[in-house]
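Visitor: I am new here. Please show me the structure, and then let us go through some questions.

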Amino acid sequence: MKRTRTYVVLLLSINLFVSSGQVVSDEVISFISREDGTRPIILMNTQGKILKKVITAPGKPGNLTWAPDGRSFAYGSRRTGSPDIHVMDIKTNTHRQLTFHGRRDIWPAWSPNGKWIAFVSDRTGWMSIYRMDVNGENVKKLTNRGDCGRPAWSPDSQWIAYGLAPDKLIYGLFVMDAEGRKTKKIAENVPHPGCTWSPDGKQIAFTAWDAEGGINIFSTNVNGRNLRQLTWSALGTIISQPVWSPSGKWIAYFLGTKPVGFGVPVDQIYAKGVIRIIDTTAKGEREKSIKATKGLLAGPSIAWVPEKFFSVSPSTEKQTTLWGRLKQAENTTK
C-alpha cells in the first residue's frame with residue numbers, strides 16, 4: 001500500500017535583504033549554503049545581492065529543484081533516515097515525502113511541463129534514473145545499465161540528458177526520451193557530470209575532462225556536434241553543477257578546490273568554492289565570480305528561480321513567508 005507522509009514545517013527565519021521599492025530586473029539564482037550548519041536557501045541576483053535567506057526546519061535540504069510554477073520545490077533530505085525526495089509547498093508551508101524505498105533516492109529534477117520529477121536511485125543496485133509523478137505516484141525506471149549521474153530535462157520535457165558510466169569508471173553524456181527510450185551518446189570522458197539544456201533546446205552544457213586533464217564546462221548541439229569549451233579553469237580545481245538561465249544569457253556553475261591528501265571530510269571536498277557565471281552573449285570577458293558566495297562549501301545545488309515565483313504577492317501580516325513579489329518589496333519585512 002502506498003504510504004503518504006505530510007507534515008507542517010515552520011519557516012523559522014527569513015531575512016530579507018531588499019531595499020524599499022527595489023525592482024527585480026535580473027534573473028535570480030538560488031543555492032544552498034552551509035555557512036552555519038542549517039543549510040539556508042539563498043536567493044541572489046547575478047550582481048551578488050542577497051534577496052532572501054531562508055532557514056527551514058526540521059531537516060536540511062539538498063539538491064534543490066524548482067517547480068516551473070514557482071510555488072514549490074523538490075529536494076533531497078535525510079530527515080527520515082535514508083536519503084529521500086521531498087517537496088515543499090511554499091503557499092502552505094508543508095513538506096511532503098515522495099519516496100520511501102529505504103535506499104538512496106537523490107538528485108531530483110522537475111520537468112518543465114510540471115508533470116514529472118526525475119531522480120536517481122540505487123534501489124536495484126545501480127545508480128539508475130527513475131521518473132515519477134509530482135505526487136510520488138507512477139514510479140518508472142528509465143535506465144537499465146551502468147551508474148547514472150544527475151538528470152536534466154529538455155525545455156519541452158521530451159528528453160533527459162544524463163551521465164552514464166557503464167563500467168562505473170568513465171562517464172559519457174547521453175540523451176534519452178522521457179520514456180527511457182531512443183538513447184544516444186553525445187559526448188565522452190565526462191566525470192560524473194552535471195548537465196543543463198539551453199532554453200531553446202538546441203544545446204547542452206556539461207562538465208568534461210579537457211585536453212590537459214582539468215575539468216571544465218563544454219557545450220554541444222544535441223546531436224553531439226559543434227563541441228565548444230566554455231571555461232578554462234586551472235588544474236587543481238573542480239567545476240560542477242552548470243545551470244543555464246531561463247533567458248539563455250547566463251550559465252551558473254560551482255568552482256571549488258580539490259581536496260589535499262586523504263581523510264578530507266566530505267563537506268570540505270570543495271572548500272573555498274565560489275559560484276561563477278558565464279555570460280553566453282558577451283564578447284571578450286565572459287566570466288565573473290559572484291563574490292558574495294566566496295567560501296561556499298560543496299554541493300550548493302544551484303538553480304535559477306522561476307519567474308513565476310515573483311508573481312505571488314505576500315501577505316503583509318505573514319512575515320514568515322517564503323514567497324513574495326520583490327517588485328513590491330516595500331510591503332515585505334525589511
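Visitor: Which residue forms a salt bridge with R181?
Guide: Keep in mind that this is a predicted model. A salt bridge needs a side-chain nitrogen of Lys or Arg within 4 Å of a carboxyl oxygen of Asp or Glu. R181 has such a pair, with the closest N and O atoms 3.7 Å apart. The partner is D177.

Visitor: Is D177 buried or exposed?
Guide: The cut-off for buried is under 20% relative accessible area. D177 has 9% relative accessibility, so D177 counts as buried.

Visitor: And R181, buried or exposed?
Guide: Exposed means over 50%. R181 reaches 52% relative accessibility, so R181 counts as exposed.

Visitor: How far apart are the closest N and O atoms of E188 and K185?
Guide: E188 and K185 form a salt bridge. At 54% relative accessibility, E188 is exposed. K185, at 43%, is partly exposed. Their closest N and O atoms are apart by 3.6 Å.

Visitor: What is the distance between the closest N and O atoms in the salt bridge of D279 with K249?
Guide: D279 and K249 are joined by a salt bridge. The closest N and O atoms lie at a separation of 2.9 Å.

Visitor: How many residues apart are D279 and K249?
Guide: This pair links distant parts of the chain. D279 sits in strand β25, residues 274-279. K249 lies in the loop between β23 (237-244) and β24 (250-257). The separation is 30 residues.

Visitor: Is D279 buried or exposed?
Guide: Buried means under 20%. D279 has a relative accessible area of 12%. K249, at 29%, counts as partly exposed. D279, by contrast, is buried.

Visitor: Which residues are linked with R131 in a network of salt bridges?
Guide: The count of salt bridges comes to seven. R131 belongs to a network of them.

Visitor: Where is I290 found, and is I290 buried or exposed?
Guide: I290 is in the loop between β26 (287-289) and β27 (303-304). Its relative accessibility is 2%, and the cut-off for buried is under 20%. Therefore I290 counts as buried.

Visitor: How far apart in space are I290 and M44, C-alpha to C-alpha?
Guide: In sequence, I290 and M44 are 246 residues apart. From C-alpha to C-alpha, I290 and M44 are apart by 9.4 Å.

Conventions. Residues numbered from 1 in each chain as written. Predicted model: local features only at pLDDT ≥ 70, side-chain atom pairs only at ≥ 80, totals over all residues. Heavy atoms only, no water. Buried < 20%, exposed > 50% of the residue type's maximum accessible area, 1.4 Å probe, protein only. Helix = DSSP H or I, 4+ residues; strand = E, 2+ residues; numbered from the N terminus.
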